[in-house]
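Reader: Could you zoom in on the ligand site for me and walk through what sits around it? I'd like the cut-offs along the way.

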Amino acid sequence: MSKLSIVILAAGQGTRMKSEVPKALHSLAGKPLVQYAVEMAAQLISEKPLLVVGHGADQVRRAIGDQVIYVEQREQLGTGHALLQARPLLEGRSETVLVCCADMPFLSPDTLRRLLELHEERKDPIAMLTVEADDPKGFGRILRDEAGQVVGIVEEAVATDAQKAIRELNCGVYCFDGDWLWPHLAQLPLSPKGEYYLTDLVAMAVAEGQVVEALKISDVTEVLGINDRSHLAQAEALMRQHINQKWLLEGVTLLAPALTFIDATVKIGQDTIIYPNTYLEGATAIGCQCRLGPNTIVRDSTIGDRCTVEASVVEGAVLEDSVDVGPFSHLRQGAHLAKGVHVGNFGEVKNSYLGPGTRMGHFSYLGDATVGQEVNIGAGTITCNYDGERKHPTVIEDGAFIGSDTMLVAPVRVGAGAKIGAGSVVTHDIPPGSIAYGVPARVRGKVREE
Ligand code: UD1
Ligand code: CA
């Protein structure tokens with residue numbers, strides 16, 4: 001029997017989001033909402049948590065993959081019914097069942113550890129998290145007797161005005177005794193709204209003469225629940241602040257933190273300086289001593305040390321050390337710029353390798369190209385890689401010099417050290433060391449040996 005199992009409830013539609021996307025998959029700082037709960041569970045136990053899915057289950061499965069064990073709730077009949085779906089997997093197998101929701105991304109593992117400790121110490125059937133809030137709207141309210149003991153939770157939809165005035169809220173996070181939980185869960189009454197409320201377990205335990213423990217936390221933001229887009233916007237701002245603060249403390253300079261948008265998935269090296277209006281997104285890693293921005297987007301890319309990217313968009317690209325890009329360039333999927341490459345303004349690179357020290361200063365497009373080291377790509381050079389049906393490769397070998405406004409009609413190869421004159425249209429391979437120019441380009445001589 002394992003000591004602790006974690007169940008994350010995520011089957012709800014999230015009606016208040018007014019969305020085709022299931023609530024659990026709405027993006028928060030670049031990660032699906034439910035991913036925060038999944039990662040928190042991983043900090044507490046080594047076994048996978050159970051994720052109850054229903055609305056948009058297939059989409060959730062695709063996004064979260066094998067990080068969790070899935071339990072399907074086919075009809076969304078309430079939080080109690082959602083948890084009940086985990087019964088066949090957990091009954092008799094788990095001493096303690098910790099339940100939380102997919103829509104509470106700020107909950108800290110420390111708080112959960114404290115809740116688990118309380119449960120461990122008292123051995124009552126339920127220990128739960130509560131918090132006092134000035135604006136308790138939408139939450140279940142905690143009912144206590146004169147002695148201050150918790151006696152129940154009342155949902156806002158069925159609360160009296162006096163109950164609505166209660167400021168202590170149910171956070172929706174519970175720790176249950178495994179043996180007690182399952183038989184009781186199966187007996188939950190149907191609520192007036194036609195759902196099985198998990199919260200009704202509290203009154204059930206109290207009616208049996210059991211004690212329900214409440215751990216009252218002090219930080220309301222920790223249990224900020226996301227029910228609609230206004231909560232999502234609030235959470236986004238707060239999460240961005242947390243992330244920026246973390247990088248500031250790690251030695252990254254942010255000139256204007258409020259105007260810097262770093263996804264939770266991004267890594268940044270020390271002494272990197274980020275100028276305003278910069279977006280670092282997805283699976284992105286930035287090295288040390290870089291200068292990024294202003295007005296830059298880096299998405300799903302790896303950038304080495306000492307790189308500069310100014311007013312440019314970098315997507316699905318790899319930049320080795322000491323690369324500089326921009327202003328106003330676009331590196332697309334599969335662009336790989338080796339050490340010391342320079343891409344100046346109005347350049348576009350897609351699915352291409354540029355060797356060490358290669359320079360492409362002005363108005364060029366390289367697509368499906370393999371470029372050697374120390375190549376000069378003259379202003380306005382274009383790889384004509386698409387014939388209307390298929391894409392073709394271009395190869396430019398080490399040390400070649402491509403004159404301004406050259407069209408490289410792929411498939412084509414320019415040999416090492418060759419020089420192409422300005423305004424050429426290269427339709428045939430150019431041998432190493434030759435000089436070629438014209439439309440179409442012809443070999444007209446040899447590069448003088450120095
Ligand atoms: C719930 C609590 C409320 C508490 C609040 C804290 C109940 C009845 N109410 O209300 O006391 O203050 O959380 O945030 O539990 N879900 C399912 N299947 C369902 C219904 C919901 O898996 O059939 C999941 C949702 O995906 C969500 C979680 O359960 O992750 C909570 O559901 P939600 O509708 O957000 O409950 P609240 O109204 O916020
Ligand atoms: Ca909620």
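**Around ligand 1**

Author: Let's start with Glu155, which has a polar side-chain atom 2.6 Å from an oxygen atom of ligand 1. That counts as a polar contact (a pair of N or O atoms within 3.5 Å). As for cover, ligand 1 on its own has 750 Å² of accessible area, and the protein covers 89% of that (Shrake-Rupley method, 1.4 Å probe).

Keep in mind that this is a predicted model, with pLDDT of at least 70 needed for local features and 80 or more for side-chain atom pairs, while totals for chains, interfaces and linings use all residues. Side-chain values use heavy atoms, without hydrogens or water, residues count from 1 along each chain as written, and chains are lettered from A and ligands numbered from 1 in written order.

Stepping back, the shell around ligand 1 holds 24 residues, each with a heavy atom within 4 Å. Glu155 and Thr79 turn up among the closest, along with Leu9, Gln73 and Asn170. By type, the shell has 11 nonpolar residues, nine polar and four charged (Asp, Glu, Lys and Arg are charged; Ala, Val, Leu, Ile, Met, Phe, Trp, Tyr, Cys and Pro are nonpolar; the others, including Gly, are polar). Helix α3 (79-84) and strand β10 (168-177) each give the shell at least two residues; both are DSSP runs numbered from the N terminus (helices: H or I, at least four residues; strands: E, at least two).

Definitions and conventions:
A polar contact is a pair of N or O atoms within 3.5 Å; within protein, one must be able to donate a hydrogen and the other to accept it, and residues adjacent in sequence count only if both atoms are side-chain atoms.
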